Amino acid sequence: MSMRLPCCVRPVAGGFRGRRLRDVHRDDNIIGDCAVAHTETSDTTTRRDFLYIATGAVGAVGAAAMAWPFISQLQPDASVLALSTTEVDLSPIAEGQIVTVQWRGKPIFISHRTPAEIKSAVDTPLSDLKDPQPDSARVKTGKEQWLVVIGICTHLGCVPLGHQGQYNGWFCPCHGSVYDTSGRIRQGPAPLNLELPPYAFTTDTKIVIG
Amino acid sequence: MEGHSTYQPKGKVAQWFESRLPIVGLIHSSAIAYPVPKNLNYMWTFGAILSFMLVCQIVSGVVLAMHYVAYAPVSFARVEHIMRDVNYGWLIRYIHANGASMFFIAVYIHIFRGMYYGSYKAPREVLWILGVIIYLLMMATAFMGYVLPWGQMSFWGATVITNLFSAIPWVGTTIVEWLWGGYSVGDPTLNRFFSLHYLLPFMIAGVVGLHIWALHHVGQNNPDGVDIKNVAKDSVPFTPYATIKDIFAMVVFLIFFSWFIFYIPNYLGHSDNYIPANPLSTPAHIVPEWYFLPFYAILRSIPDKLGGVLAMFAAIAVLAFLPWLDTSKVRSAKYRPLFRQFFWVFAVVAVLLGYMGSQPAEGGALIISRILTAYYFIHFLVILPLLGLFERPKPVPASIADAVLAKAKGGAVVVAGAAGPETK
């Protein structure tokens with residue numbers, strides 16, 4: 001295999017043999033392992049150049065392989081992943097009540113909405129919304145009374161207070177963001193609607209989040 | 001060390017920076033242009049290996065501390081959590097646990113190298129004493145680290161070692177309770193050991209900085225024990241010669257290290273440490289980690305509590321006085337035929353003491369331990385001072401270049417000038 005080295009590599013190998021040695025060893029009478037390879041020119045590609053690059057490449061791959069475990073250990077570990085689903089029994093939640101459960105360390109609001117709350121959410125024109133999304137896209141079909149949202153304000157991460165604010169949805173005490181009964185942003189600095197967690201109904205009265 | 005500091009910053013920004021903080025020049029003079037004796041052998045790569053191991057232990061230890069909890073009721077389970085739940089936790093813990101052993105293997109080779117080639121002699125006494133301090137800090141760090149998994153050996157090792165201080169007359173018990181933060185080894189002890197185990201490696205790093213500073217001030221010793229006289233003839237620049245050689249030695253050392261991590265990760269540990277700490281039941285046979293065994297053997301060979309503790313500490317402290325106990329002016333064992341033999345006897349005695357430390361202290365083993373302990377001290381306190389007076393050293397080469405040339409010619413040592421003392 002004839003190998004053409006990138007030009008950025010050759011001066012390094014050349015410097016190894018020529019320049020540095022000359023700096024320190026002006027006396028040419030020295031015999032020893034340092035005075036061996038003076039005669040080669042730095043213009044030709046040699047087996048030694050190939051070995052340098054091959055060795056360096058193996059070293060780089062080794063260092064990267066060793067770095068990965070130290071990066072990966074920062075990711076959620078097996079004991080955290082084991083807690084990544086939460087099962088909730090909805091039957092004790094009365095109409096008009098909001099309960100908060102925890103999923104992956106985050107608060108999840110489960111709101112058992114009254115027909116009036118559902119109506120006000122459905123009747124809101126999309127043009128009034130900062131982050132337009134119909135109510136139907138935020139609940140499961142046939143289960144419109146259940147709104148399940150992540151209880152974290154999309155502004156800077158505070159937990160909003162339920163049944164408060166102009167729209168009787170949520171009000172964030174930190175910076176005054178106001179959400180409606182569908183958890184959509186209506187006023188204040190928050191840019192987006194309250195996020196929806198992945199969840200599914202396992203029975204009529206049970207959901208699994210995550 | 002004369003002959004370096006040739007760094008000339010190129011470019012305006014580099015010059016501006018260098019005139020305000022000459023750190024690039026410092027790196028250049030100590031790791032690139034620094035003159036290395038051209039006759040160094042592979043025993044001289046262990047300084048670099050040890051620096052690497054210190055970094056390895058700090059990096060893996062900082063990561064383990066992210067997942068560990070120092071609280072007696074949960075610490076044992078947290079270590080198992082690291083082994084089973086944390087991504088690659090098993091790898092990082094085995095790196096750290098075996099890394100401690102590799103650190104000690106390297107430091108023992110490094111110390112014996114210094115003893116063989118007389119690296120402790122003038123003007124390197126302070127360099128040597130700094131090394132002894134690093135060794136002491138390493139032992140304290142390793143001991144406290146071994147307590148953290150809170151297994152049976154952790155607990156009873158902590159109990160035995162802290163009880164060493166109870167041998168101090170009158171105030172012993174008070175000191176031990178102060179160390180424990182209670183009336184037995186318990187949660188307060190575990191917590192403070194964790195804190196100190198995290199602190200001490202950074203103190204080691206600081207003393208290593210002084211150790212390297214002292215080394216670069218006086219220059220490296222070498223197998224012929226003669227100083228660099230002519231930088232051009234006697235030395236080669238640190239980069240690439242020492243850099244590449246150190247990296248190669250490190251790679252070989254890492255292969256050895258990896259063999260432990262991946263194939264026999266628990267070989268150097270003790271299975272009893274996989275039993276949770278039980279303050280009500282001592283394991284039948286308590287042994288410290290292998291790197292403490294020679295001193296443990298010395299401790300047990302003295303049939304007196306205070307005497308044993310004093311002998312054990314003296315066995316380490318005597319190292320600090322080595323520059324003055326060895327009266328010979330010739331550094332390298334290469335030119336000291338008698339010392340060379342006594343050196344190897346001492347090395348065998350030290351290893352045998354380690355073996356004795358792993359055996360139950362009874363019967364014949366105890367008698368052998370006592371003989372070995374006596375020899376350990378006789379070597380330092382009697383043999384070394386007398387050898388310098390009676391031994392006739394071989395002629396020492398006039399310079400490193402002469403020694404290298406003589407070796408290249410495959411014959412007799414080139415002698416120029418008088419044999420014998422070339423320093424002091």
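**A tour of helix packing and cores**

H5(B) passes H6(B) in a left-handed crossing (the near helix is turned anticlockwise from the far one by less than a right angle). This is a predicted model: local features need pLDDT of at least 70, side-chain atom pairs count only at pLDDT 80 or more, and totals for chains, interfaces and linings use all residues. Residues are numbered from 1 along each chain as its sequence is written, while chains are lettered from A and ligands numbered from 1 in the order in which they are written.

Stay on this pair. Select residues 125-147 of chain B for helix H6; helices are DSSP runs of H or I, at least four residues, numbered from the N terminus. The axes, lines fitted to C-alpha atoms over the stretch in contact, come within 12 Å and cross at roughly 160°. That makes H5(B) roughly antiparallel to H6(B) (angles over 145 degrees). Show Ala100(B), Phe103(B), Val107(B) and Gly114(B) on H5(B). Facing partners on H6(B) include Trp128(B) and Tyr135(B). Contact means C-beta atoms, placed from the backbone, within 7 Å.

Next, the cores. A nonpolar core joins buried Ala, Val, Leu, Ile, Met, Phe, Trp, Tyr and Cys residues through C-beta atoms within 7 Å; buried means 20 or more other C-beta atoms within 10 Å of a residue's own. The largest core has 69 residues, and Met53(B), Phe103(B), Ala106(B) and Ile298(B) touch the most other members. Its largest share, twelve residues, comes from H5(B), residues 89-116. Apart from this core lies another, of 20 residues, among them Trp103(A) and Cys153(A).

Last, pick Ile298(B). Among the residues touched by Ile298(B) are Ala311(B), Leu353(B) and Tyr376(B), not counting residues up to four places away in sequence.

Conventions: Buried ≥ 20, exposed ≤ 12 C-beta atoms within 10 Å, placed from the backbone. Helix = DSSP H or I, 4+ residues; strand = E, 2+ residues; numbered from the N terminus. Contact = placed C-beta atoms within 7 Å. Axes fitted to C-alpha atoms, helices over the stretch in contact; angles between N-to-C directions. Parallel < 35°, antiparallel > 145°, perpendicular 65-115°, else oblique.
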